[in-house]
Amino acid sequence: MAASDSLVTARVIGDVVDPFNTSADLMVLFNGAPIISGMELRSAAVSDRPTVEIGGDDYRVTYTLVMVDPDAPNPSNPTLREYLHWMVTDIPASTDNTYGRELVCYEPPSPATGIHRMVLVLFRQLGRETVFPTSRRHNFNTRGFARRYNLGAPVAAMYFNCQRQSGSGGPRFTGAYTSRRRAAG
């Protein structure tokens, strides 16, 4: 399945961005290991800021990267949609995020319940220092952000699924076990 197909299947296209044509190479690495769109990762695996490599050959072309959680705080009730986990601007083509300006520091995903889609979206900027930080992380809107700074459609995007370190995504009951059947017996 192509990356764009996985973005449609996971409703990243629709929930976060509109349909677009990929025109830049984007590689995301956590602890040196590349991430493929749709991978399942536990929160411990993404606790450190990733390295994001961008293709191209013209250093004068710059990009903005945002990482959002469209499922915050809970996939069944995403009242904080989209939660902004990271923003880096002025990343020159053919480099990585360390050459850009980190406007919103990386906040590691730590879902308490459910499986969350963590979406990284790359935009081509009109020029250096044309994108500015946002005042809050919750209820960020990727489409509105792109319109505000004349970024146009994304040039690349990918996502991974993240859940808490232990368990299957939800809180577990740890109290004494009782049931009506057992209590009646």
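**Notes on the predicted model**

1. A network of salt bridges links R11, D15, D71, R81 and R117. A salt bridge is taken here as a side-chain nitrogen of Lys or Arg within 4 Å of a carboxyl oxygen of Asp or Glu. By this rule the count comes to 9 salt bridges.

2. Residues are numbered from 1 along each chain as its sequence is written, and side-chain values use heavy atoms, with hydrogens and water left out.

3. Helices (H or I, at least four residues) and strands (E, at least two) are DSSP runs, numbered from the N terminus.

4. R117 also meets D71 in a salt bridge, at 2.7 Å from N to O. This pair links distant parts of the chain, with R117 in strand 8 and D71 in the loop between strand 5 and strand 6, 46 residues apart. R117 is buried, with a relative accessible area of 6%, and D71 is buried at 4%. Buried means under 20% relative accessible area, exposed over 50% and partly exposed in between, with a 1.4 Å probe and protein chains only.

5. What does D71 touch, apart from residues up to four places away in sequence? The residues are P78, R81, I115, H116 and R117, where contact means heavy atoms within 4.5 Å. The loop that holds D71 runs between strand 5 (62-69) and strand 6 (83-92).

6. A further salt bridge joins D58 and R60, with the closest N and O atoms 3.0 Å apart. Here D58 counts as partly exposed at 25% relative accessibility, while R60 counts as exposed at 72%.

7. Strand 5 is mostly covered, as 8 of its 8 residues are buried. T62, T64, V66 and V68 point one way from this strand, and Y63, L65, M67 and D69 point the other way. In a regular strand the side chains alternate between the two faces of the sheet.

8. Strand 5 pairs with strand 6 in the antiparallel sense over 7 bridges, and M67 has W86 in strand 6 as its bridge partner. Strand 5 also pairs with strand 8 in the antiparallel sense, over 6 bridges; there the bridge partner of L65 is L122. Two strands count as paired if DSSP finds at least two bridges between them.

9. An open sheet of 3 strands has the order 2-1-4, with antiparallel pairing. Strand 2 (33-34) and strand 4 stand at the edges with a single partner strand each, so one side of each is left without a neighbour in the sheet. Strand 1 and strand 2 are joined by 2 bridges, and L29 stands opposite P34 in strand 2.

10. The largest nonpolar core has 25 residues, of which Y63, W86, L120, L122 and F160 touch the most other members. At least two residues each come from strand 1 (26-30), strand 4 (51-54), strand 5, strand 6, strand 8 (116-124) and strand 9 (156-163). Strand 9 gives the most, with 4 residues. A second, separate core of 23 residues includes L7, V12, V16 and Y149. Such a core is a set of buried Ala, Val, Leu, Ile, Met, Phe, Trp, Tyr and Cys residues joined through side-chain atoms within 4.5 Å.

11. Rings of Phe, Tyr and Trp (its six-membered ring) pair if their centres lie within 6.5 Å; planes under 30 degrees apart count as stacked, over 60 as edge-to-face and the rest as tilted. By this rule the count comes to 5 aromatic pairs. The rings of F140 and F145 have centres 5.3 Å apart and planes at 45°, so this pair is tilted. Both F140 and F145 are buried, and ring pairs link F132, F140, F145 and Y149 into a cluster.

12. How many disulfides does a search of the whole structure find? The search finds 0, a disulfide being a pair of cysteine sulfur atoms within 2.5 Å. C105 counts as partly exposed at 45% relative accessibility, whereas C162 is buried, with a relative accessible area of 0%.

Note on methods:
Predicted model: local features only at pLDDT ≥ 70, side-chain atom pairs only at ≥ 80, totals over all residues.
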